[in-house]
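Subject: Structure handover

Hello,

Here is the structure I promised you. Please open it and follow along with the notes below.

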Amino acid sequence: MGPSGSGKTSLLNALAGRVKSDKKVALSGQRYINDEPISGDFDYPIAFIEQESLFFPHMTVKETLDFRVELKLGRKLGKSARDDVVDNLMKNLGLTKTANTKVGNSKIRGISGGERKRLSIACEMISSPSVIFLDEPTSGLDSFQAEQVVLTLNKLAENGHTIVAVIHQPSQKVFSMFDDLLLLSEGQQMYFGEVNKARTHFESIGLSAAKEVGTAEYILDCISRIVGDEVVEAQSAERINKIAVYAQNEANKVAFNNDDKPIKTKTYFGPSKKSRAAASIFRQFKLLLGRSFKEVFRGR
């Protein structure tokens, strides 16, 4: 979490190994999974859900999932088994009631924004990823829909999936559903620890807030730079630097106490291995052609 432009999405892409190789870009550091270092070409079941997901608007929820399941599992599972996968996905993600509703878009009436987010998650859950990265899953949703999406993520976490999400201006209720929090501002770490200890942490370094102010709103105010008045801007910059220095000192203490060995940095980029589609090239052509015909005729 952090103010706009703090580097949240950039960090998420780096963690997911989605930074494209570029001579002008150097990315250093080391990623670990279960205390084991991983390289740039690792093959690990992860899913990355973009902030905006593109669907064919005239296709129904069930048809969208049927298409994705057949494309990914068509060669591995029979028709009955694929139908079971689709039914379970809709049931687990609360999409059963909207199974025969068009997905829609800004011009075509369809499912709600929250249901669209859950459909995006369902499409990625087909391959049973261990880690799910989400870029602002609650953006553009009202408080109720945002709560429903995060409840879905909470359920997935309870079932053994690791959820890493960029969150933007959450309500207090949504904010409290998360376990751990990494705060960023201007590319610097402001805090990393348990969500329920964040407010106490900032109060301990002299940044107090009124009781009626929510924790999420309070800490975002603490780490945001105020632009305009030179004096106020200088004060906010000083406050941010103070928080960043304190966070770095705390991180160094943890590293020292755990006797961690220094990590040799190295540049890494996104996975070079491309997963092979379960459907043959002819089956893919047939599925894509059929979907295109449906979309064209329904949109007439």
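Start with a charge and a ring. The charged end of R291 lies over the ring of F67, at 4.2 Å from its centre. Keep in mind that this is a predicted model.

Searching the whole structure gives four aromatic pairs. One of them is F48 with F133, a stacked pair with 6.4 Å centre to centre and 25° between the planes. This pair links distant parts of the chain: F48 belongs to strand β4 (residues 46-49) and F133 to strand β5, 85 residues apart. Is F48 buried or exposed? F48 counts as buried, because its relative accessibility is 11%, and the cut-off is under 20%. F133 is buried too, at 6%.

F293 and F297 also form a stacked pair, 6.1 Å centre to centre, with 15° between the planes. They are four residues apart in helix α10 (residues 281-298), so about one helical turn separates them. F293 is partly exposed, with a relative accessible area of 46%.

Look as well at Y191, F202 and Y218, which form one aromatic cluster.

The whole structure has one cavity of 30 Å³ or more. The volume of the largest cavity is about 40 Å³. Which residues line the largest cavity? They are I49, E50, K117, I121, L134, D135, P137 and V149. Five are nonpolar, three are charged and none is polar. Helix α4 (113-125) and strand β5 (131-135) each supply at least two lining residues.

Best wishes

Terms used: Residues numbered from 1 in each chain as written. Predicted model: local features only at pLDDT ≥ 70, side-chain atom pairs only at ≥ 80, totals over all residues. Heavy atoms only, no water. 1 Å grid on protein atoms, 1.4 Å probe; cavity = no way out; pocket = protein on both sides within 12 Å on 5 of 7 lines; lining within 4 Å. Points joined across faces, edges and corners; volume = space filled by probe spheres on them. Nonpolar A, V, L, I, M, F, W, Y, C, P; charged D, E, K, R; others polar. Phe/Tyr/Trp six-rings, centres within 6.5 Å; stacked < 30°, edge-to-face > 60°. Buried < 20%, exposed > 50% of the residue type's maximum accessible area, 1.4 Å probe, protein only. Lys NZ or Arg CZ within 6 Å of the ring centre and 35° of its normal.
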